[in-house]
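Hi there,

Here is the structure I promised to pass on to you.

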Amino acid sequence: MLRASRLFLRSFASKQHLADPWPLPNSPAHIAATVSKPGAPPIPPIQRVNESLEKMRARLVYQTRKRGTLESDLLLSTFAHEFLHSMTLAQLKEFDLLLDENDWDIYYWATNKRDPPSRWADTELLQQLRLHAQNQGKQVRRMPDL
């Protein structure tokens, strides 16, 4: 019995089993596990056929609140609360495309910490988001009520 348990422990304690299943962010193991293969196409956004304007606005409100990072949630949800009701259908579609971008990219573009790609650099939407991020009125912002 003792010999069988030793063999089991020896085989269980192999390098494969001792590898950390949740490596620290930006560690070599994490980067190797999360980098896309070169030339891999981006995942296309879900096509929403016959989505009503009210349903689209409700979906965009939800997507601005549930980004995954508190900074992006706060920035985008307060922006949506202030501007979404007055956006045209074309502006809503453009905002929808912006929300397909990475959270931190949107945040850094809006706060002028990084240059946006050419597809967003000169858009009115990003300029409006940047102005909102500056918070020139020094408002205390919190997540809007639903």
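This is a predicted model: local features need pLDDT of at least 70, side-chain atom pairs count only at pLDDT 80 or more; totals for chains, interfaces and linings use all residues.

Of its 146 residues, 27% are buried. The accessible surface comes to about 11200 Å², and carbon and sulfur atoms account for 58% of that. Contacts also reach along the sequence: taking those between residues at least 6 apart, 56% join residues at least 24 apart.

Now to the inside. The largest nonpolar core has 20 residues, and Met 87, Phe 95, Leu 98 and Leu 129 have the most contacts inside it. The elements giving two or more residues to this core are α4 (53–65), α5 (70–83), α6 (89–98), α7 (103–110) and α9 (124–134). Helix α5 gives the most, with 5 residues. In general, nonpolar side chains tend to be buried together in soluble globular proteins.

Leaving out residues up to four places away in sequence, Leu 129 touches Leu 75, Leu 76, Phe 79, Leu 98, Ile 106 and Ala 110.

Then there is His 132, which lies in helix α9. Is this histidine buried or exposed? His 132 counts as buried because its relative accessibility is 6%, under the 20% cut-off. Beyond its neighbours within four places in sequence, His 132 is in contact with Leu 75, Thr 78, Phe 79, Glu 82, Phe 83 and Arg 141.

Best wishes

Definitions and conventions: Residues are numbered from 1 along each chain as its sequence is written. Side-chain values use heavy atoms; hydrogens and water are left out. Buried means under 20% relative accessible area, exposed over 50%, partly exposed in between (1.4 Å probe, protein chains only). Contact means heavy atoms within 4.5 Å. Accessible areas come from the Shrake-Rupley method with a 1.4 Å probe; for residues, only the protein chains shown count as cover. A nonpolar core is a set of buried Ala, Val, Leu, Ile, Met, Phe, Trp, Tyr and Cys residues joined through side-chain atoms within 4.5 Å. Helices (H or I, at least four residues) and strands (E, at least two) are DSSP runs, numbered from the N terminus.
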